[in-house]
Amino acid sequence: MSNQGFLPKNMSLLTITSILITIAALFSYVNYQTLKLPNTIGIMVISLVFSLVLVLLGNLGYTDGVQLASGIVSQIDFDDTLLNGMLGFLLFAGAMHINLDELLKRKWSIGMMASAGVICSMFLVAGGAYYIFQWFGFQVPFIFCLLFGSLISPTDPIAVMGILKTAGASKSLEIKIAGESLFNDGVAIVLFLAIFGIAINGEVFSASHIGVLFIQEAFGGALFGIACGWLVLKMLKRVDSYQVEILLTLALVAGGSTAAAGMHLSAPIAVVMAGLMIGNHGRRDAMSNTTVQHLDTFWELIDEILNAVLFLIIGLEVMVLSLDLNTWIAGLVMAAMVLLARMISVGIPVTILRKLGRDFNPHAVKLLTWGGLRGGISVALALSIPSSPERDIIVAVTYVIVLFSILVQGLTIGKLVRATAEEPVAD
């Protein structure tokens, strides 16, 4: 029996959302009852296995289920859904729980890793990828390797913060990794946009253009986020109703990120700055204990629900990607190379800061390297590249790296943290 009558060609956003939330809830239940993994990882594992089973059944001739599932997934504009929809809410929810004082104590290490570290990693990854792609028979120009380096180098705040909650990391390590991941995606997106213009639009490389773009996007986004956060803080001080105050924070994220994007400012950085202001100054100066309790509960639920849906989509994406054995192996080799680039790009700032008098224990580079997870943002950026042979291989390899990062690093970071717990990472 064909699924064409059941599955509309253009499903509404409500229909797609309803299906995804229902499947995420069922997979979450199955994970709770059986696998007992961290919820987001468990959902992704089950959705990945589900997808692979459907693909196998399709190869055996049972195509109805595959057509139905792949039809749903193919209608999800993943890069737009994440980058222009879910990301702002997830970043705000994460930033709200970061202690600003602790963040400022580690501003130099976080700032160096989120800026110079990302740039260093991008060039290291690009150089390695150029030769690895050729080794596996993929002809990818160096400018596309740079594009790949820019999207895979930043750690993903969504994956990182979701997994650090259950890893038992020390406060110092958690602040470092979470703080870096909250800011480095904004830096990486600026780099991605600059290289995208050269690789796709044929723009001429200009250091001054990239510098202006960085100042406009990053610093402009930060100032805009601070201004929006300050305005909402003033409004929160005049209200003592948690329903109204929660609505104000929703408006801050939705309206602020939309306005920032419209003005060509970094919406992720703007939302992070606003979240830090509400989570710190708002708690202390503008909200009652009742409001804080309700606000935390609301944003924790938003965070959990959106994370569940996001990791579900990551698992389901395997049905619409072209992944053969050669691509899987290339992706795993590239994952090792990305980890090596991460270790070097983290090791340089740590070494410099040690020479300037900052204290790091011997496990600092190891923990920061293994705790730097890649996630949905990398996949979304890869999917935003226009259709081309280079885009297909970059998307496929990025997907394999993200799966490795979440499944292998995500499931073992807790053990590594506990093994080094007697020597917490210090500043």
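Reader: What are axes and angles in this model?
Author: Axes are lines fitted to C-alpha atoms, for helices over the stretch in contact, and angles between N-to-C directions run from 0 to 180 degrees. This is a predicted model, in which local features need pLDDT of at least 70 and side-chain atom pairs 80 or more, while totals for chains, interfaces and linings use all residues. Residues are numbered from 1 along each chain as its sequence is written, and side-chain values use heavy atoms, without hydrogens and water.

Reader: At what angle do α14 and α18 cross?
Author: Helix α14 (residues 289-316) crosses helix α18 (residues 389-419) at roughly 130°, and their axes come within 11 Å. Helices are DSSP runs (H or I, at least four residues) numbered from the N terminus.

Reader: Which residues make the contact?
Author: Phe311, Ile314 and Gly315 of α14 make it with Tyr399, Leu403 and Ile406 of α18 (heavy atoms within 4.5 Å).

Reader: And what about α7 and α10?
Author: Helix α7 (residues 116-135) packs against helix α10 (residues 171-199) at about 45°, with the axes 9 Å apart. Val118, Ile119 and Met122 in α7 meet Asn184, Ala188, Leu191 and Ile195 in α10.

Reader: Changing topic, how many disulfides are there?
Author: The count is zero, where a disulfide is a pair of cysteine sulfur atoms within 2.5 Å.

Reader: Is Cys145 buried or exposed?
Author: Cys145 is buried, with a relative accessible area of 0% (buried is under 20%, exposed over 50%, partly exposed in between, with a 1.4 Å probe and protein chains only). Cys228 also counts as buried, at 18% relative accessibility.

Note on methods. Helices (H or I, at least four residues) and strands (E, at least two) are DSSP runs, numbered from the N terminus.
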